[in-house]
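Hi,

Here is the structure I said I would pass on. My notes follow below it.

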Amino acid sequence: MAHRFPVREIARQAGVSEATVDRVLHGRPGVRPGTALQVEQAIAELDAQRTQLRLSGRQFMVDVVMETPRRFSTLTRRALEAELPALRPAVLRARYRVAERWPPGGLVAELDGIVRRGSHGVLLKAPDVPEVADAIGRLARARIPVITFVTDVPDSLRLAYVGLDNRAAGATAAYVIGHLVAGRPGRVLITTSGDDFRGESDREHGFAATLGEIDPGRPTTTVTSDGLDETSARRVGGVLSMYDDVVAVYSVGGGNRGILRAFDDAGRDCAVLVAHDLTPDTVELLRQGRIGVVLHHDLRADLRDAARALMGFHGALPEFRPQPASVAVVTPYNLPAR
């Protein structure tokens, strides 16, 4: 396997022994397929972060652990790797452990593995459930700070939360939809990607409270998916077969192409779709007029805040506590240049 990095650096990035890396590089037996994949991924990560390897200064290794659709983990990875060279006075490197859906116990096992192998910090997007909160506690007691990202686990020993003010984002979505469909009867559909994600729950509650204030009596229906297009198409299609009055959708958790496919398959019009995050998909759909508004915030700013909190914990900067970010309302007419 071609590479340009010392075995020691690959082992550190992959979180395995140097002997294991040597066996993978030379194609020798005795390595599980998943471990071999970790080594291959580590080499790819080192290649993406090669600028960081050349820098001198105090070094921190950060583990990025996420349960999220691939489109968002890709967005996060690109944002972090664009931000890494500007983070000073220290040098940060990242290891990624991401899945669209972790198997039962898999996410907690990954967090416990970080306790054993060591880390300078964890950036975590995970469900707000007791077992995750317990794992965060074990990391904190091992002096490994956890920063929750996008969605919080507030009743835990996490160091800080970085990301949107999700309740305010949901209220903003209600304001937009309430005014765009004012005077037009019909139901608003709310789609989420899981009951256990605190960020999505906060968005939904903010949406419901504000819509009730500005458009009282407007019926709503919530459907839970997994944020993936296929599942979203199936679940939304089921709702459309039950209700013939859906005029707007607040897509809390993604799966936007699947949502629109369900409307197309039913021969129905979605008057307004409000979605989150400027991914390549949402940008294309916004330009096509299939999405009305995208609620967006600066991921790179979130990641800068996470890095400052991490460096503050380790004494490389003054102590820093991030504040939740505000949301930007993006239409086809004010898309950012990049």
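At what angle do helix H10 and helix H11 pack, and how far apart are their axes? In this predicted model, H10 (residues 229-242) and H11 (residues 256-265) pack at about 35°, with their axes 7 Å apart. H10 passes H11 in a right-handed crossing. On the H10 side, the contact is made by Asp229, Glu230, Ser232, Ala233, Val236, Gly237 and Leu240. H11 contributes Asn256, Arg257, Gly258, Ile259, Arg261, Ala262 and Phe263.

Next, helix H13. H13 covers residues 299-313, 15 residues in total. From first C-alpha to last, H13 reaches 21 Å, close to the 21 Å expected at 1.5 Å a residue. Asp298 caps the N-terminal end of H13. A side-chain oxygen of Asp298 lies 3.0 Å from the backbone nitrogen of Arg300. After H13 comes Gly315, with a positive phi near 80°.

Which residues of H13 are buried? They are Leu299, Asp302, Leu303, Asp305, Ala306, Ala307, Ala309, Leu310, Met311 and Gly312.

On confidence: the mean pLDDT of the protein is 88, and 92% of its residues reach 70 or more. Over residues 52-56, though, the pLDDT is below 50. Beyond near neighbours in sequence, that stretch has twelve contacts in the model. Where pLDDT is low, predicted coordinates should not be read in detail.

Best wishes

Terms used: Residues numbered from 1 in each chain as written. Heavy atoms only, no water. Helix = DSSP H or I, 4+ residues; strand = E, 2+ residues; numbered from the N terminus. Expected span 1.5 Å × (residues − 1). Buried < 20%, exposed > 50% of the residue type's maximum accessible area, 1.4 Å probe, protein only. Polar contact = N/O pair within 3.5 Å; in protein donor to acceptor, adjacent residues only side chain to side chain. pLDDT = per-residue confidence, 0-100. Contact = heavy atoms within 4.5 Å. Axes fitted to C-alpha atoms, helices over the stretch in contact; angles between N-to-C directions. Left-handed = near helix turned anticlockwise from the far one by under 90°.
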